Amino acid sequence: MGWALIRGWTVLVYLFMFLPIAVVVLLSFNASQFGSFPMTGLSLRWFAELAGNEAILRAFRTSIVLGLLTAVISTTIGVLASLALVRYRVPGRNLISTLLIAPILVPEVVLAVALLLFLNALAVNKSFALLLAGHVIFTLPFVILVVQARLVGIRRDVEEAAMSLGASPVQTFFQITLPLLSPAVLAGMLFAFTISFDDITGTLFWKPGGVETVPTQIFAMLRNSISPEINALGTVMIVLTAGLPLLGIAIARRMAMKRGG
Amino acid sequence: MGAVSLTNIVKNFGSFTAVQRMSLDIPEGAFVSLLGPSGCGKTTTLRMIAGLLDPSEGDITIAGRRVNDVPIHKRNLGLVFQNYALFPHKTIAENVAFGLKFRGVSRDDRERRVREALELVQLPDVGSRYPGQLSGGQQQRIALARAIVIEPDVLLLDEPLSALDANLREDMRVELKRIQQRVGITTVFVTHDQSEALALSDHIVVMSKGRVEQTGAPEDVYTTPATEFVARFLGASNILEATCLTVDGDGVTVEGPAVGRLTLPRERAPHVSGPGPVKLAVRAEKLKLERPDAADTSAAGDLVLDGLVETVDYQGLAARYFLRVGDVQLQAINMIDSHPFAEGERVSLRLRPRDCTLLAGSTQ
C-alpha cells in the first residue's frame with residue numbers, strides 16, 4: 001500500500017516535469033496556425049518557417065558560436081586551473097579553488113549585475129566579448145569540478161614514468177595526461193556548451209544591443225504572441241541540449257570499453 | 001667512479017631531514033638494494049637519483065655526468081613503480097615503444113626492439129592488448145620491459161614486487177634476477193623486504209631514519225651486522241646488554257646475562273675497540289636447541305645453556321621458540337627434525353661464540 005502510493009506519487013512528479021515538454025514537442029508538429037490544442041494534423045510546416053526566419057537563424061548562429069567559444073575557452077582555462085590546483089603546491093590553493101567555484105553559489109542575477117556594474121565602472125561598453133566572458137565565468141566551475149575529479153584519479157606515477165622514458169613535461173601532458181583526462185574534458189565542454197546555449201538571465205544583462213541568442217529571441221517573441229514557431233524552436237533546443245550530452249556519454253563509454261575497463 | 005654515485009646527499013622537507021649526508025658509489029652492472037623500514041629515506045634517495053626530487057645538498061652523478069640540474073627526461077634511466085604505472089590508454093606494444101619514440105629510433109628498429117623486450121619478459125603475444133586486460137604480474141613484467149628497452153644507464157626499481165601476492169612475488173623475484181643478469185644493467189632496488197634484498201642484491205644499503213646503517217654484500221650484512229638496528233631489522237636477533245672485559249689480538253672477552261663469560265674471535269667485534277659496555281647480538285637460528293638428556297657431543301668452546309620453552313610459534317619447516325634462560329628471554333629459530341619442542345619443555349641451548357656479533361655499546 002505504502003509502496004503503491006510512493007510509486008504513484010513518483011509518476012505524478014515525472015508527469016509534472018516532463019508533460020509540458022512533451023506538449024511543446026507534440027505541438028511543434030501541429031498543422032494548425034495556433035500553437036495550442038486541438039491538433040489539426042501532422043506537419044513540419046513550423047520547422048520550415050523556422051528555417052526561413054532570418055532573426056531566429058541569426059540568433060541560432062550567435063548561440064552556437066557563443067556556446068562553442070565558451071566551451072573551448074572555459075575548458076582550456078578549467079584544465080589549466082585544475083592542473084595547477086591538483087598537481088602543484090600553489091599558495092592560497094583553497095582560496096583560489098573556492099573563488100573559482102563561487103559563481104555556482106552566487107545567484108545568477110547577482111553575478112550578472114555585478115559583472116555589468118564592474119565593467120561600467122571601468123567604462124567598458126557591452127560587447128560580444130563581454131557576453132562571452134560572462135558565459136566563461138559562469139561555466140568555469142562546472143568544468144573545474146569535472147576535470148579536477150578526474151585528475152585526482154590519474155596516478156602521478158604514470159606521468160613520472162612517461163618523463164623517465166624521455167618525454168618532456170609538455171609531451172607528457174599531451175601524450176599521457178590529456179588523453180587520460182579526455183572523458184572529463186569532453187564532459188566539461190558539453191556542460192559549458194549546453195549551459196551557455198540555455199542561459200538567459202546573464203545573457204539578457206550582458207548582450208550588446210541587436211545581438212540575440214536563441215533563448216533571448218524566444219523571450220522576445222513570447223512578448224508578442226505564442227507562435228507555433230516557438231514550439232518548433234523549443235523542440236530543436238531540447239534535441240540539442242539533451243541530445244549532445246547523451247551523445248557525449250555514449251562516446252566516453254565506448255572509449256572506456258575499448259581499453260578493457 | 002661508479003655508474004651512479006651520490007656524494008654527501010642531504011634532503012630536507014621543511015624542518016624534517018629525510019636523508020642525512022649520504023654517500024654511495026654503485027659499480028657498473030651492480031644490483032644494489034636500498035633496504036629499510038618505511039620512512040627511512042630509501043624512496044626519497046631513489047627519487048633524487050631519478051630526478052623527481054632535488055637534493056638539498058650534495059652531488060649525484062650518473063655514468064660520470066653530474067645530473068643535479070638535468071631534468072628527469074634527459075637522464076636516460078628506467079623507472080619501475082610499485083603500481084606498474086603503465087599507460088592505460090595505450091596498447092602493450094605502444095607502452096613499450098614509448099621511450100624509443102623520444103630516442104629517434106626508426107619504426108622497424110622500434111618494432112624489433114619491442115618484440116625482443118616482450119620476449120625477454122616472456123610475454124611475446126600481448127602486444128596488441130591493453131594494460132587493463134593483463135594480470136598484476138604481467139603488468140609488472142611489461143613495466144620492466146618498457147624500462148629496459150631504452151637501454152638506460154641505470155634501472156631504478158621502487159618496491160616493484162610489493163603489490164603482487166606472495167607466490168607471484170617469489171616467481172617475479174627469480175624472473176627479475178634473471179633479466180637483470182641477462183641485460184647486465186646497473187640496478188637500484190628499493191625495498192622494505194629483507195628476503196628480497198638478500199636474494200637479489202650484490203650490495204645492500206641498510207637505511208634507518210635517513211642514515212646509512214651499513215653497506216655490504218648480503219652475507220656480510222646478515223652475518224656481521226654493524227649496528228643494533230641492522231641486527232634487529234635483518235632476520236631475528238637476540239640483543240643482550242653485555243660488558244667487554246678485554247680486547248687483544250686474537251679475541252674479545254665479554255660477560256653478559258644468561259651467557260656468562262665468553263670469548264669471541266676478534267673479527268666478530270669490528271666496532272669494539274676496548275673494554276666497556278657493548279651489545280651482544282645472537283641470531284635466533286644460531287641458538288641450537290637440544291634435549292638436555294641427549295648425549296653431549298659438544299665441540300670444544302661451544303657454550304651450552306639451560307632453558308625453558310615458553311612459547312612455540314610453529315611455521316611448518318621451522319619453529320620459533322621463546323625461551324627463558326636465567327632471567328632473560330631469548331628467541332631461537334630451529335628447523336623441525338621430527339617434531340618441535342613443546343611448551344614447558346626443558347632444553348639445552350648450544351651456541352658457538354663465533355656466531356655472535358659484538359656491537360658498540362649503548363650509543364643509540
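Modeller: What follows goes from domains to sheets, then to helix packing, and ends with the partner chain.

This is a predicted model, in which local features need pLDDT of at least 70 and side-chain atom pairs count only at pLDDT 80 or more, while totals for chains, interfaces and linings use all residues. Residues are numbered from 1 along each chain as its sequence is written, with chains lettered from A and ligands numbered from 1 in the order in which they are written.

The part to look at is chain B, which is assigned domain 1 (4-223) and domain 2 (236-360) (bounds come from an automatic or database domain assignment). The C-alpha centres of these two domains of chain B are 39 Å apart.

Start with the sheet of six strands in chain B, which is open, has mixed pairing and runs in the order β6-β7-β8-β3-β9-β10. Strands are DSSP runs of E of at least two residues, helices are runs of H or I of at least four, and both are numbered from the N terminus; two strands pair if DSSP finds at least two bridges between them. The edges of the sheet are β6 (77-80) and β10 (211-216) of chain B, each pairing on one side only. From one strand to the next, the twist averages 15° (axes are lines fitted to C-alpha atoms, for helices over the stretch in contact, and angles run from 0 to 180 degrees between N-to-C directions). Within this sheet, β7 (residues 154-158) and β8 (residues 187-191) of chain B are parallel partners over four bridges. One bridge joins B:Leu155 to B:Thr187 of β8(B).

Helix α4 (residues 136-148) of chain B lies across β6 and β7 of chain B, and its direction is at about 170° to β6(B).

This helix also packs against α2(B): the angle between α2(B) and α4(B) is about 30° and their axes are 7 Å apart. α2(B) is therefore roughly parallel to α4(B) (under 35 degrees counts as roughly parallel, over 145 as roughly antiparallel, 65 to 115 as roughly perpendicular and the rest as oblique). α2(B) and α4(B) make a right-handed crossing (right-handed if the near helix is turned clockwise from the far one by less than a right angle, left-handed if anticlockwise). On the α2(B) side, B:Ile92, B:Asn95, B:Val96, B:Phe98 and B:Gly99 meet B:Ile142, B:Ala145 and B:Arg146 of α4(B); contact requires C-beta atoms, placed from the backbone, within 7 Å. By class, the residues of this contact of α2(B) with α4(B) are five nonpolar, two polar and one charged. Here Ala, Val, Leu, Ile, Met, Phe, Trp, Tyr, Cys and Pro count as nonpolar, Asp, Glu, Lys and Arg as charged, and the others, Gly among them, as polar.

α2 (residues 92-101) of chain B has a further packing partner in α3 (residues 107-120) of chain B, at an angle of about 120° and with the axes 9 Å apart. α2(B) and α3(B) are therefore oblique to each other, and this crossing too is right-handed. B:Ala93, B:Val96, B:Ala97 and B:Leu100 of α2(B) meet B:Arg110, B:Arg113, B:Val114, B:Ala117 and B:Leu118 of α3(B). The residues of the contact of α2(B) with α3(B) are seven nonpolar, no polar and two charged.

A further open sheet of chain B has five strands in the order β13-β12-β11-β14-β20, with antiparallel pairing. β13 (260-265) and β20 (356-360) of chain B each have a single partner strand, so one side of each lacks a neighbour in the sheet. The twist of this sheet averages 40° from one strand to the next. Strand β14 (residues 276-283) of chain B pairs with β20(B) in the antiparallel sense over five bridges, and B:Val278 stands opposite B:Ala360 of β20(B).

Finally, the partner chain. In all, 21 residues of chain B are in contact with 18 residues of chain A. β6 and α2 are the elements of chain B that give two or more residues to this side, and β6(B) gives the most, three residues. The classes on the chain B side are 13 nonpolar, seven polar and one charged. Chain A has eleven helices and zero strands. It is divided into domain 1 (1-43) and domain 2 (53-258), whose C-alpha centres lie 31 Å apart.

Definitions and conventions: Two residues are in contact if their C-beta atoms, placed from the backbone, lie within 7 Å.
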